[in-house]
Amino acid sequence: MRETGTSINEYLEFYREAWSELQLQSRPDRQYQQGNVIQTWMISYLEIKKRDPNAAALLLLLARFDNRDIWYELVESGHHSSSVPDCLKDATSSALAFKIGMRSLVGFSLLESKQQEGSYAIHPVVQDWCLHIANTSKYVNWMQLNELALISVGYSVPSASNRNYSELQQRLLPHANYVCHLDWSDDNIEVWGALHGLGDLYSNQGKLKEAEEMYEQALAGYEKALGPDHISTLNTASNLGSLYSKQGKLKEAEEMYQRALAGKKKALGPDHDT
């Protein structure tokens, strides 16, 4: 009530409205004592949505990441997507805009600020509630949120030339483990780039089985969207060949190397340095 500036009567009215909505949305596997906590979250969410729609939209996106360590640059990488909603584009347009939105969410106790790490955390139960809200609302495109989270993580994977390469990869690994189990569409080119990035991450971290799965999905997507001879398809085939070699799958590795080499010669010319 202090945060929203509402009177007792207004708060009780919000409470009744939230309770009616929650009754319609409730799932049998969710058990909260007397519904008090979840009703408070709903009241807070509705107030945030009224005050700062960008922050409310941001909250539902943040629930798509690992809940323990979320920072601006991670979420901002979602701008590699060609279909970022305006509200999320505005909320992540700068570090300052992001911090303002996060301040609203922290103020309503939906997020926790981890000042020492310069990041934020979501309680797992709040995260579960946010996922439920997004997945059951006809006004939220939950598939788009999944894709944005995947793209954010995949395009955050640093190259070996990055000064904090090892530290950042370790930090990204829990997010990769989370987003790779989300659902997404099979016709988004940026998704395949993100999967390729996750393949690089897993490969560098010695998680070869996971890397193989990511590369194979990226390769299938690129083949479908861009064709077998596109440079992105061939680069993924080359990386997959390197991975097969690490796994001792020499026949498969040779097939991928030969495919990548032939494709690059065809695309770039036989005298190009591949």
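Which helices each supply at least two residues of the lining of the largest pocket?

## Overall architecture

This is a predicted model. The protein chain has 274 residues, and 45% of them count as buried. Its secondary structure consists of 13 helices and two strands.

Among contacts between residues at least 6 apart in sequence, 66% join residues at least 24 apart. The chain has an accessible surface of about 14,400 Å², and carbon and sulfur atoms account for 49% of that area.

## The largest pocket

Helix 1 (8–25), helix 2 (36–51), helix 3, helix 5 (86–91) and helix 8 (142–154) are the helices that each supply at least two lining residues to the largest pocket. The space in this pocket is about 380 Å³.

The lining is made up of 20 residues, and Y45, K49, L60, Y139 and V140 are the ones that lie nearest the pocket centre. By residue class, the lining of the largest pocket has 14 nonpolar, four polar and two charged members. L60, named above as a lining residue, is also one of the buried residues of helix 3.

Helix 3 is largely enclosed by the rest of the structure, because eight of its ten residues are buried. The buried residues are A55, A56, A57, L58, L59, L60, L61 and L62.

The largest nonpolar core contains 72 residues, and L62, L195 and L198 touch the most other members. Helix 3 (residues 53–62) provides the largest share of this core, with eight residues. For L198, the contacts beyond four places in sequence are L150, V153, G154, A176, V179, C180 and M214.

## The cavity and T92

The whole structure holds one cavity of 30 Å³ or more. About 50 Å³ of space lies in the largest cavity, and its lining consists of L61, V75, G78, H79, V84, L88, T92, L148 and S152.

Is T92 buried or exposed? With a relative accessible area of 4%, T92 falls under the 20% cut-off, so T92 counts as buried. Beyond four places in sequence, T92 is in contact with L58, Y72, V75, E76, H79 and F98.

Q169 belongs to helix 9 (residues 165–179). Its relative accessible area is 1%, so Q169 is buried. Leaving aside neighbours within four places in sequence, Q169 is in contact with V157, P158, L201, N204 and Q205.

S109 lies in the loop between helix 6 (95–107) and strand 1 (112–114). Its phi is positive, at about 60 degrees, although S109 is not a glycine. S109 has a relative accessible area of 56% and is therefore exposed, whereas Q169 is buried.

Key: Residues numbered from 1 in each chain as written. Predicted model: local features only at pLDDT ≥ 70, side-chain atom pairs only at ≥ 80, totals over all residues. Heavy atoms only, no water. 1 Å grid on protein atoms, 1.4 Å probe; cavity = no way out; pocket = protein on both sides within 12 Å on 5 of 7 lines; lining within 4 Å. Points joined across faces, edges and corners; volume = space filled by probe spheres on them. Core = buried A, V, L, I, M, F, W, Y, C linked by side-chain atoms within 4.5 Å. Buried < 20%, exposed > 50% of the residue type's maximum accessible area, 1.4 Å probe, protein only. Helix = DSSP H or I, 4+ residues; strand = E, 2+ residues; numbered from the N terminus. Contact = heavy atoms within 4.5 Å. Areas by Shrake-Rupley, 256 points an atom, 1.4 Å probe, with all protein chains shown as cover. Nonpolar A, V, L, I, M, F, W, Y, C, P; charged D, E, K, R; others polar.
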